Amino acid sequence: MIHYQLRCEGGHEFEGWFRNSDAFEEQAQRGLLSCPLCGTTRVDRALMAPGIRTARSSAPPKEEKTAPSATQPVETDGKIPDVALALLQRLRHEVETTCENVGNGFADEALRIHRGEAEERGIYGDISEDQREMLEEEGVAVQRLPWVPRADG
């Protein structure tokens with residue numbers, strides 16, 4: 001998955017997640033992307049600062065033991081603004097409809113895809129912190145997503 005900062009013609013900025021850069025281009029050309037604030041479909045990528053690792057930022061936070069499970073939604077306790085929650089629910093729906101849930105086999109399947117041993121496709125599932133570190137060392141890009149309850153749930 002690729003994360004883009006997006007901007008509509010009205011100047012509103014928001015985030016988008018895509019299977020790859022071609023998926024973004026296709027959805028933008030077909031008018032399938034819309035601003036969550038004003039609804040316009042005239043959306044393009046905004047400038048983003050690159051993620052640069054430093055010696056201090058390369059270590060994971062101490063309190064983090066395991067990655068969130070893709071099968072168990074995080075509790076929001078009303079602390080996420082409604083607009084953000086709606087976007088996260090939309091993101092979850094997009095991931096569930098365009099990617100394959102490989103469950104506990106996520107790390108193995110991501111590695112197989114990375115090595116060209118399996119078909120390249122979007123996947124999601126569960127991963128431990130040790131598995132995440134192993135994938136990172138192998139050069140496999142992995143992104144955690146806040147897995148909020150479904151909009152229809």
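I began with the elements and counted four helices and five strands in the protein. Here helices are DSSP runs of H or I with at least four residues, strands are E runs of at least two, and both are numbered from the N terminus. Along the sequence I read the pattern β-β-α-β-α-β-α-β-α.

A note on sources: this is a predicted model, where local features need pLDDT of at least 70, side-chain atom pairs count only at pLDDT 80 or more, and totals for chains, interfaces and linings use all residues. Residues are numbered from 1 along each chain as its sequence is written, and side-chain values use heavy atoms, with hydrogens and water left out.

**Entry 1: overall figures**

I looked up burial and found that buried residues make up 33% of the 153 residues. Buried means under 20% relative accessible area, exposed over 50%, and partly exposed in between, with a 1.4 Å probe and protein chains only. For contacts (heavy atoms within 4.5 Å), I took those between residues at least 6 apart in sequence, and 55% of them join residues at least 24 apart.

**Entry 2: helix 3**

How do helix 3 and helix 4 pack? I found an angle of about 10° between helix 3 (residues 106-114) and helix 4 (residues 129-138), with the axes 10 Å apart. The axes are lines fitted to C-alpha atoms over the stretch in contact, and angles run from 0 to 180 degrees between N-to-C directions. The two helices are therefore roughly parallel to each other; that label covers angles under 35 degrees, while over 145 is roughly antiparallel, 65 to 115 roughly perpendicular and the rest oblique.

On the helix 3 side, the contact is made by Phe 106, Ala 107, Ala 110, Leu 111 and His 114, and helix 4 brings Gln 131, Met 134, Leu 135 and Glu 138. By class I noted six nonpolar, two polar and one charged residues. In this scheme Ala, Val, Leu, Ile, Met, Phe, Trp, Tyr, Cys and Pro are nonpolar, Asp, Glu, Lys and Arg are charged, and the others, Gly among them, are polar.

Next I listed the buried residues of helix 3: Phe 106, Ala 107, Glu 109, Ala 110, Leu 111 and Ile 113. They pack against strand 4, strand 5 and helix 4.

I also checked the flanks. Asn 104 lies in the loop between strand 4 (100-103) and helix 3, and counts as exposed at 64% relative accessibility. Its C-alpha atom is 6.1 Å from that of Gly 125, 21 residues apart along the chain. After helix 3 comes Gly 116, with a positive phi near 80°.

**Entry 3: aromatic pairs**

My search of the whole structure gave four aromatic pairs. Rings of Phe, Tyr and Trp (its six-membered ring) pair if their centres lie within 6.5 Å; planes under 30 degrees apart are stacked, over 60 edge-to-face and the rest tilted.

Tyr 4 and Phe 18 form a tilted pair, 5.9 Å centre to centre with 45° between the planes. Tyr 4 is in strand 1 (residues 2-8) and Phe 18 in strand 2 (residues 13-18), 14 residues apart. Tyr 4 counts as buried at 13% relative accessibility, and Phe 18 counts as buried at 4%.

The rings of Tyr 124 and Trp 147 have centres 5.4 Å apart and planes at 35°, so this pair is tilted. Tyr 124 and Trp 147 are both buried.

Finally, I noted that ring pairs link Tyr 4, Phe 18 and Phe 24 into a cluster.
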